[in-house]
Amino acid sequence: MRTQDMNRDWIATAATLSSALPYLQRYTDAIVVIKLGGHAMGSDEAMEGFARDVVLMQQVGVNPVIVHGGGPQINALLDKLDIQSEFVNGKRVTDAATVEVVEMVLSGLVNKRIVQAINRQGGRAVGVSGKDANLMICDQTDPALGFVGTPAEMDPKLLHTLFERDMIPVIAPLGAGRNGETFNVNGDTAAGAIAAALKADRLLLLTDVSGVKNASGEVVTELKAAQIRAMTQDGVIAGGMIPKTETALDAIDGGVRAVVILDGRAPNACLLELFTEHGAGSLIRP
Ligand code: X2W
C-alpha cells in the first residue's frame, strides 16, 4: 500500500538500495556458486529467505549456481530403511544400497525442495545432478569408500546455456563414473569443482559457523591462501573446517577469484556478503 508516512524504515530501505549500487554494478554478469549444506537448510522460512536472496541476485544481473548437500536428510532415510552408515575423513562409506538412497534423497527430495522454493519466489530454477549433460564425470576416490567419487572431468556447457536463458541451476552432488557407476560426491568438493570449471567470481560456502577463526577464536575476515596453509599447519584450522578450507584452496588453484566461508543461517547472508561494504564471514583470496 502506498503511504505518505515517511517513517524511518522506508527511508532506510531506499538508502540501503542506493548504497548497494556500486556492488550491484561490480557483480553484473558475475558467476557466483553457492554451496548450501544440509545443516544450513533449516525451516521452510529459512529456505524461503535463501530463495528470495538467490532470485534477487539473478534479478540484478548475477548468474547464481546452487550446489547443495543433504547429509542429514540422507541419514534420515537410511535410518528409516535400517541401513547403517559411517563416515571416514568426512566422507560417507557408500555401498551399492547406500548410493541408491543417496541419489533418491539428493536428486529427489532435497534438489526439488530448493528448485520449488526458488520458483515460488519468481525465479526459474532447473534441478540437475553432475550426471546431466556430463557436467561431472568422476573417478572412484578410494576403493575402501565404495561409490564415493572425485570429480575428474567437468563440462559446464549446460550451465552456460541455462545462464543465457536466465535460469538458475540447482545441482545435486552426484557424478557419473566412466563405467556407468553412480558416484556420491561430498557437497563441498562438488561445489569447488563446479566453481573452478566455471572460473567463478565467487564461491560462497554456507556453513553453520561464522567463518575461519584465529588462535584467539575471532573470525578472520580476509585471508590469503598462504595464511590458510600456515594456520592449518599450526593446527589453528582443524576438524570440520579443514574440508572447507581445502575446498577453498582447490577452488582458488582452479581459477576461482575468491571463496567466502560464512554462516548460512544468518538472515540474508549472501546479500550481506555480495552487496554491502560489511561482507560476511571469511574471504579467501589467492
Ligand atoms: C555426502 C553428500 C551430501 C553432502 C553424503 O553422503 O552425506 C559424501 O560424504 P552436506 O549436507 O553438505 O554435508 N557425500 C561422499 O555433502 O551433504
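Student: How do β6 and β9 pair, and over how many bridges?

Tutor: Strand β6 (residues 136-140) and strand β9 (residues 174-177) run parallel, paired over 2 bridges. Strands here are DSSP E runs of at least two residues, helices are H or I runs of at least four, and both are numbered from the N terminus. Two strands pair if DSSP finds at least two bridges between them. Keep in mind that this is a predicted model: local features need pLDDT of at least 70, side-chain atom pairs count only at pLDDT 80 or more, and totals for chains, interfaces and linings use all residues. Residues are numbered from 1 along each chain as its sequence is written, and side-chain values use heavy atoms, with hydrogens and water left out.

Student: Which residue of β9 is opposite isoleucine 137?

Tutor: That's alanine 176.

Student: What happens at the two ends?

Tutor: At the start of α7, a side-chain oxygen of asparagine 186 comes within 2.9 Å of the backbone nitrogen of aspartate 188. After the helix comes lysine 199, with a positive phi near 45°.

Student: Switching to the ligand. Which residues come nearest?

Tutor: Lys35, Gly38, Gly70, Arg92 and Gly187, out of 17 residues around the ligand. A residue is near a molecule or strand if one of its heavy atoms lies within 4 Å of it.

Student: How far are the backbone N or O atoms of those glycines from ligand oxygens?

Tutor: For glycine 38, a backbone N or O atom sits 2.7 Å from an oxygen atom of the ligand. The corresponding value is 2.9 Å for glycine 70 and 2.8 Å for glycine 187. The ligand taken alone exposes 430 Å², and the protein buries 90% of that. Those areas come from the Shrake-Rupley method with a 1.4 Å probe; for residues, only the protein chains shown count as cover.

Student: OK, what about the 8-strand sheet, what's its order?

Tutor: That one is open and mixed too, running β5-β8-β2-β1-β11-β13-β14-β12. β5 (125-129) and β12 (222-224) have a single partner strand each, so one side of each is left without a neighbour in the sheet. The twist averages 20° from one strand to the next.

Student: Which helix packs on it?

Tutor: Helix α9 (residues 241-253), touching β1, β11, β13 and β14 (282-285). The direction of α9 makes about 155° with that of β13.

Student: Who pairs with β11?

Tutor: Strand β1 (residues 31-36) runs parallel to β11 and is joined to it by 5 bridges. Strand β13 (residues 259-263) also pairs with β11 in the parallel sense, over 5 bridges. Valine 32 stands opposite arginine 202, while threonine 207 has aspartate 263 as its bridge partner.

Student: How many residues of β11 are buried?

Tutor: 6 of 6, for residues 202-207. Arg202, Leu204 and Leu206 point one way, with Leu203, Leu205 and Thr207 pointing the other.

Student: Last one: why does threonine 182 count as buried?

Tutor: Because its relative accessibility is 16%. Threonine 182 is in strand β10 (residues 182-184), and its side chain makes a polar contact with that of lysine 131 at 2.8 Å. A polar contact is a pair of N or O atoms within 3.5 Å; within protein, one must be able to donate a hydrogen and the other to accept it, and residues adjacent in sequence count only if both atoms are side-chain atoms.

Technical notes. Buried means under 20% relative accessible area, exposed over 50%, partly exposed in between (1.4 Å probe, protein chains only). Axes are lines fitted to C-alpha atoms, for helices over the stretch in contact, and angles run from 0 to 180 degrees between N-to-C directions. Contact means heavy atoms within 4.5 Å.
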